[in-house]
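Please look over the sequence and the structure shown here before reading on. The report then turns to a sheet and to one residue.

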Protein chains: 2
Amino acid sequence: MIKKPLILVTNDDGITAGGIKTLIEVAREFGEVVVVAPDSPQSAKGHAITIYDPLRLKKVDIFEGIDAYECTGTPADCVKLAKHHVLRGRKVDLCVSGINHGSNASINIVYSGTMSAAMEASLEGIDAIGFSLLDYSASADFSQGAPFIREIIAKQLAGTKGTGTLLNVNIPKLPTADIKGIKVCRQAKGQWTENYMKGTDPSGREYFWLSGEFINEDDGKDTDLWALDHAYISVVPSTYDLTKYDELEWFKSLETIHL
Amino acid sequence: MIKKPLILVTNDDGITAGGIKTLIEVAREFGEVVVVAPDSPQSAKGHAITIYDPLRLKKVDIFEGIDAYECTGTPADCVKLAKHHVLRGRKVDLCVSGINHGSNASINIVYSGTMSAAMEASLEGIDAIGFSLLDYSASADFSQGAPFIREIIAKQLAGTKGTGTLLNVNIPKLPTADIKGIKVCRQAKGQWTENYMKGTDPSGREYFWLSGEFINEDDGKDTDLWALDHAYISVVPSTYDLTKYDELEWFKSLETIHL
């Protein structure tokens, strides 16, 4: 008998968000699902972890027939607690994170709680996939990308490249039938141009509130932004190795420094 | 007359930490220094940014002759506010972050507030360097690495490879005379094996507190951990492009998915 895969599901929008529900429904078709997710929204928390405060973990009964826990920490905390406490000693076959409310394409990956949860699993040797839908509206329909999510999970479970692969999957806001397919891409070079909303609070103190506009500075046709703009789902194989290998040679000159 | 460089200084241990003081003293030898740093410790905040709450910024007079601001946000928030408000319209020549209390070598870069501040500058096109000292003690002597920090800053200001280079510099806990020099390295593969301290709080509720042990899984002699173990300062040229280019080909098979 083949052992059923064990799949850890998490997210950054919080355990009651719509996206995680869809992801659980798809993941449970493949094996045993355990959910450990934040008890409150954790968007833009990057790869934060909680070291100065204790964490709480509470079993919740909100997904029928599924072991689920809400955690007071960040998305990365959830994955650490799942691996080292909830699922201690068990082999996790896949970690899926999301479905995030909004894009994690291009540079958004570095701010993303969804992707930091997936990255945390990856660096602990667990294959991981973060899913995001390019829809910020409260009534976002997460089911549209589900048939593709199902196929991506199936392929990852069927044969992995190694231990701890990390995929950043973004889904255009389109009906399933209008999604043209999947493109495997590199991360586009883009950035946020910030504008701070400046104001005065009821106590007369000045405040600054982040807003901004995303600028795509990359006209490559091999990027995630290109794929999404052309009705494809983008898949960017990603890594926690931040070394910029093509600059190692240039910076060797620093080795000539002697006091 | 050559324009004096404008150098932004920030950190994650907070504006009153010992490390930033040393960094300011070195940076001010090269040009105009402006400090925007968190008003409280922000270790392990990863690349978190604050989007759901307003930020506060307060001018403080704690470094003689230096424009300094404390900010309620994360390290990445500090850099965004510096660029888009405090220094709006001015060209920043270099951003230096630190000196962090403790290592940001190997995988620690992904959790690091110090490095996320530097990365934020990098992705906004500003050359950036994060400095960390491998000393967690309250009485850490940040001055030991200062002569090397001076030379690294001088070299970066004298000639840059491009816009937005990012260096992760870690300094061993050694007297200056015992530091053998600088090694330009790749990020070592390592990870934290976590142990959660479990307890019961005064209200009878269970808590989990993160602790753990760092494991170096990489025996390469070209890594930052090797350099630090052998009395060298490690410099890892780093990037916010998380694409794992050598996996693009393998994952192309996902493009065969059609519904």
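## Terms and basis

Two strands pair if DSSP finds at least two bridges between them, and helices (H or I, at least four residues) and strands (E, at least two) are DSSP runs, numbered from the N terminus. This is a predicted model, in which local features need pLDDT of at least 70 and side-chain atom pairs count only at pLDDT 80 or more, while totals for chains, interfaces and linings use all residues. Residues are numbered from 1 along each chain as its sequence is written, and chains are lettered from A and ligands numbered from 1 in the order in which they are written.

## The sheet of chain B

In chain B, 9 strands form an open sheet of mixed pairing, in the order 3-4-2-1-5-6-7-11-8. Strand 3 (57-60) and strand 8 (181-184) of chain B each have a single partner strand, so one side of each is left without a neighbour in the sheet.

Strand 7 (residues 166-171) and strand 11 (residues 232-238) of chain B pair in the antiparallel sense over 5 bridges, and B:Asn168 stands opposite B:Val236 in strand 11 of chain B.

## A:Lys183

A:Lys183 lies in strand 8 (residues 181-184) of chain A. A:Lys183 counts as buried because it has 22 C-beta neighbours inside 10 Å (buried means 20 or more other C-beta atoms within 10 Å of its own, exposed 12 or fewer, and partly exposed in between, with C-beta atoms placed from the backbone).

Leaving aside residues up to four places away in sequence, A:Lys183 touches A:Ala227, A:Tyr232, A:Ser234 and B:Glu255, where contact requires C-beta atoms, placed from the backbone, to lie within 7 Å.

Methods:
Contact = placed C-beta atoms within 7 Å.
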